[in-house]
Amino acid sequence: MQKLAVGMAIRLILVGKTAEAYVREGMSLYTSRIGRYCRFSVVEIPDLKQVSALSPAQIKEKEGVEILKNIHPGDEVILLDERGKSFSSIGWAQHLEQRLAHCQKDLVFVVGGSWGFSQAVYDRGSDMLSLSKMTCSHQLIRLFFLEQLYRAFTIMKGEPYHHE
């Protein structure tokens with residue numbers, strides 16, 4: 001596995017707080033494990049207030065503004081979206097390793113809110129990743145993504161976590 005470029009980091013941006021304790025506990029576990037391989041952080045964008053009068057499109061727009069505030073000009077942005085590329089765990093590890101070896105920017109993954117992303121966020125993204133063809137709760141996908149990110153690093157390092 002290539003070392004990450006000096007100063008490079010991976011960030012996960014999430015819309016809304018993680019509601020379930022078991023999801024928070026799992027996220028904490030995998031976040032600490034991922035930290036052994038790279039500089040990694042999670043950014044939770046606060047839930048919007050008083051959204052009952054807003055349409056889904058208005059919610060996506062407001063969430064999009066908040067997402068974009070947390071993305072720097074030099075970041076490479078990958079949206080977690082069911083229409084994105086999907087991989088096996090081995091394929092994902094290979095794809096990530098190649099991306100890390102050739103990217104000089106911070107890698108930012110984004111999980112949107114329950115209505116998805118605004119067009120402005122789609123426009124800012126450089127790629128989309130799908131973890132499943134099935135629709136998954138935006139709460140659960142957080143834990144699923146972190147586990148798969150950790151799994152990818154262990155595959156890259158040849159560590160005995162993943163079994164074929």
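Strand S1 (10–15), strand S2 (40–45) and helix H5 are among the elements that cover the buried residues of helix H1. Contact here means heavy atoms within 4.5 Å. Helices (H or I, at least four residues) and strands (E, at least two) are DSSP runs, numbered from the N terminus. The model is predicted: local features need pLDDT of at least 70, side-chain atom pairs count only at pLDDT 80 or more, and totals for chains, interfaces and linings use all residues. Residues are numbered from 1 along each chain as its sequence is written, and side-chain values use heavy atoms, leaving out hydrogens and water.

The buried residues of H1 are Val 23, Gly 26, Met 27, Tyr 30 and Ile 34. Buried means under 20% relative accessible area, exposed means over 50%, and partly exposed lies in between (1.4 Å probe, protein chains only). Seen down the axis of H1, these buried residues fall within an arc of 100°, so they line one face of the helix. The arc is that of the directions from the helix axis to the C-beta atoms. H1 covers residues 21–34, 14 residues in total. The expected span is 1.5 Å times one less than the number of residues.

Leu 143 belongs to helix H5. Leu 143 touches Val 23, Gly 26, Met 27 and Tyr 30, with residues up to four places away in sequence not counted. The C-alpha atoms of Leu 143 and Ser 88 are separated by 17 Å, and the two residues are 55 apart along the chain.

H5 is mostly covered, with 14 of its 18 residues buried. From first C-alpha to last, H5 reaches 26 Å, close to the 26 Å expected at 1.5 Å a residue. Gly 158 follows H5 and has a positive phi, near 70°.

Helix H3 (residues 89–102) also meets H5. The two axes come within 9 Å and cross at roughly 75°. H3 is therefore roughly perpendicular to H5. Axes are lines fitted to C-alpha atoms, for helices over the stretch in contact, and angles run from 0 to 180 degrees between N-to-C directions. Angles under 35 degrees count as roughly parallel, over 145 as roughly antiparallel, 65 to 115 as roughly perpendicular and the rest as oblique. On the H3 side, the contact includes Trp 92, Leu 96 and Leu 100. On the H5 side, it includes Phe 145, Leu 149 and Phe 153.

Searching the whole structure gives 9 aromatic pairs. Rings of Phe, Tyr and Trp (its six-membered ring) pair if their centres lie within 6.5 Å; planes under 30 degrees apart count as stacked, over 60 as edge-to-face and the rest as tilted. Phe 117 and Tyr 122 pair edge-to-face, at 5.5 Å centre to centre and 80° between the planes. Phe 117 is buried at 4% relative accessibility, whereas Tyr 122 is partly exposed at 22%. Tyr 150 and Tyr 161 are also edge-to-face, at 4.8 Å and 75°. This pair links distant parts of the chain, with Tyr 150 in H5 (residues 140–157) and Tyr 161 in the segment after H5, 11 residues apart. Tyr 150 is buried at 8% relative accessibility; Tyr 161 is partly exposed at 24%.

Gln 50 is not a glycine, yet its phi is positive, about 50°. Gln 50 sits in the loop between S2 and helix H2 (56–69). Its relative accessibility of 75% counts as exposed.
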